[in-house]
Amino acid sequence: MCSSLGSACIFLLGVLYVLFYLVTYRRPHSHLTNDMERGTREKKELPAFTAQRLTQTTFLIIEWDDIFNEHPFIYAKVVPSANTILIMDTGCGGATNNPDIGLKSLREFIETVAIPDNNGKPLNEGGKMKYIVVESHCHYDHILAVESFATDSPILGSSHSPTFVSPGNFPANSECNSLGIRAPVYTLTLVPHLHEITSSAGVSLGMRVLHTPGHTPDELALWDAEERMLYVGDTLYEDDPIIFPTGGSLPDWFTTIDQLIELVKAQPDAEKVMINCGHATTLRPALEVLGTCRRFMENVVSGKEAVKKRYLRRETWCLQFQQDNGRFSLICPEKLVLDAKGVVVV
């Protein structure tokens with residue numbers, strides 16, 4: 001969940017992308033009537049998403065102007081040899097108050113919008129390749145476009161806490177209830193820790209699931225060993241507050257961070273491993289980001305990091321912490337911090 005500097009930067013990037021889109025795909029017409037028709041068409045086709053290449057196989061998709069001010073990061077790994085695209089998270093479903101945005105479907109964007117970083121072609125032109133969708137966790141800003149994929153594609157989630165994502169608990173734990181929005185309906189396939197993701201034909205997609213509870217019990221990460229890329233969802237990110245729900249756990253979060261640090265350190269070229277998050281942060285050195293964020297959270301639990309604000313959020317007393325440089329910040333139920341004191345080894 002995002003706000004402040006990071007959100008402003010993402011919004012500006014979205015505006016620049018939109019300007020590029022309008023200039024690049026404007027087709028000349030000789031008559032005023034055609035000009036007006038073209039303007040209407042461009043307005044209807046203006047996408048709610050931008051896309052750029054991160055690696056040889058993987059693209060970052062940003063929902064740049066959603067109504068919740070979340071600007072979620074969505075990742076798409078294209079594996080033609082498996083005839084499959086892996087999608088990590090699906091964002092806010094194109095919900096926006098921007099009247100200039102007409103193309104609001106993530107799937108339509110992936111299948112129809114030309115991407116300069118993809119040789120000017122859509123990521124999955126005409127929907128020729130199959131999809132596998134992975135949920136980093138069940139919060140609304142990561143799942144609201146999932147139904148358009150669930151009709152013909154598997155949706156994978158963490159099996160760490162089945163009750164947390166059970167049909168009876170999902171509307172509340174996704175935070176859809178608290179926002180007064182309809183929770184999407186779909187079948188979630190729960191997968192174990194270290195699960196290797198393969199296509200329907202059994203071809204590896206080069207991604208392994210890691211259970212990473214803490215931010216939520218169902219939080220997971222994806223590890224791409226070949227490309228040295230770690231995708232961690234909302235476990236952490238920079239420049240915007242990391243927001244824990246009441247179902248989160250700081251002791252579990254510290255265990256997760258320590259395991260991720262161990263994973264990265266075990267790589268022969270650990271300093272080249274990059275971390276990619278659910279908001280704000282991508283292509284950053286994993287060890288440095290993980291270690292620096294851990295020290296910040298240590299200071300929160302130990303009391304070295306001063307409380308910036310205490311307030312009621314959704315009927316729960318919450319605390320806000322922020323580093324002086326603004327890099328890492330936290331909004332967390334007060335109870336989670338109190339529960340962690342004396343439990344977390346710092």
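Helices and strands are DSSP runs, numbered from the N terminus. With that in mind, select Thr-235, which is found in the loop between β11 and β12 (241–243). The model is a predicted one.

**First stop: Thr-235**

Is Thr-235 buried or exposed? Thr-235 counts as buried because its relative accessibility is 1%, and buried means under 20%. Display its surroundings next. Leaving aside residues up to four places away in sequence, Thr-235 touches Thr-212, His-215, Glu-219, Ile-242, Trp-253, Thr-256 and Ile-257.

**Second stop: the whole chain**

Now colour the protein chain by secondary structure. The chain contains nine helices and 17 strands. Of its 346 residues, 55% are buried. Consider also the contacts between residues at least 6 apart in sequence: 62% of them join residues at least 24 apart.

Select strands β1 to β7. These seven strands form an open sheet in the order β1-β2-β3-β4-β5-β6-β7, with mixed pairing. Which strands stand at the edges? They are β1 (49–53) and β7 (189–191); each has a single partner strand, so one side of each is left without a neighbour in the sheet. On average, and ignoring direction, neighbouring strands of this sheet are turned by 25 degrees against each other.

Strands of a sheet pair through backbone hydrogen bonds, either parallel or antiparallel. Zoom in on β6 (residues 155–158) and β7, which pair in the parallel sense over three bridges. Within this pair, Ser-158 has Val-191 of β7 as its bridge partner.

Follow the chain onward to Leu-194, found in the loop between β7 and β8. Leu-194 counts as partly exposed because its relative accessible area is 45%. Beyond residues up to four places away in sequence, Leu-194 touches Arg-208, Val-209 and Leu-210. Select Trp-223 as well: Leu-194 and Trp-223 are 29 residues apart along the chain, and their C-alpha atoms are separated by 9.2 Å.

The next selection is an open sheet of six strands in the order β8-β9-β10-β11-β13-β14, where the pairing is mixed. At its edges stand β8 (196–198) and β14 (284–285), each with a single partner strand, so one side of each lacks a neighbour in the sheet. Strand β13 (residues 274–276) and β14 run antiparallel and are joined by two bridges. Met-274 has Pro-285 of β14 as its bridge partner.

**Last stop: helices α7 and α8**

Finally, show α7 (residues 250–265) together with α8 (residues 286–302). Their axes come within 10 Å and cross at roughly 155 degrees. That angle makes α7 roughly antiparallel to α8, because angles over 145 degrees count as such. The crossing of α7 and α8 is left-handed.

Which residues make the contact? On the α7 side they include Leu-250, Trp-253, Phe-254 and Ile-257. On the α8 side, Leu-287, Leu-290, Met-297 and Val-301 are among them. By class, the contact of α7 with α8 has 13 nonpolar, one polar and four charged residues.

Terms used. Residues are numbered from 1 along each chain as its sequence is written. This is a predicted model: local features need pLDDT of at least 70, side-chain atom pairs count only at pLDDT 80 or more; totals for chains, interfaces and linings use all residues. Side-chain values use heavy atoms; hydrogens and water are left out. Axes are lines fitted to C-alpha atoms, for helices over the stretch in contact, and angles run from 0 to 180 degrees between N-to-C directions. Helices (H or I, at least four residues) and strands (E, at least two) are DSSP runs, numbered from the N terminus. Angles under 35 degrees count as roughly parallel, over 145 as roughly antiparallel, 65 to 115 as roughly perpendicular and the rest as oblique. A crossing is left-handed if the near helix is turned anticlockwise from the far one by less than a right angle, and right-handed if clockwise. Contact means heavy atoms within 4.5 Å. Ala, Val, Leu, Ile, Met, Phe, Trp, Tyr, Cys and Pro count as nonpolar, Asp, Glu, Lys and Arg as charged, and the others, Gly among them, as polar. Two strands pair if DSSP finds at least two bridges between them. Buried means under 20% relative accessible area, exposed over 50%, partly exposed in between (1.4 Å probe, protein chains only).
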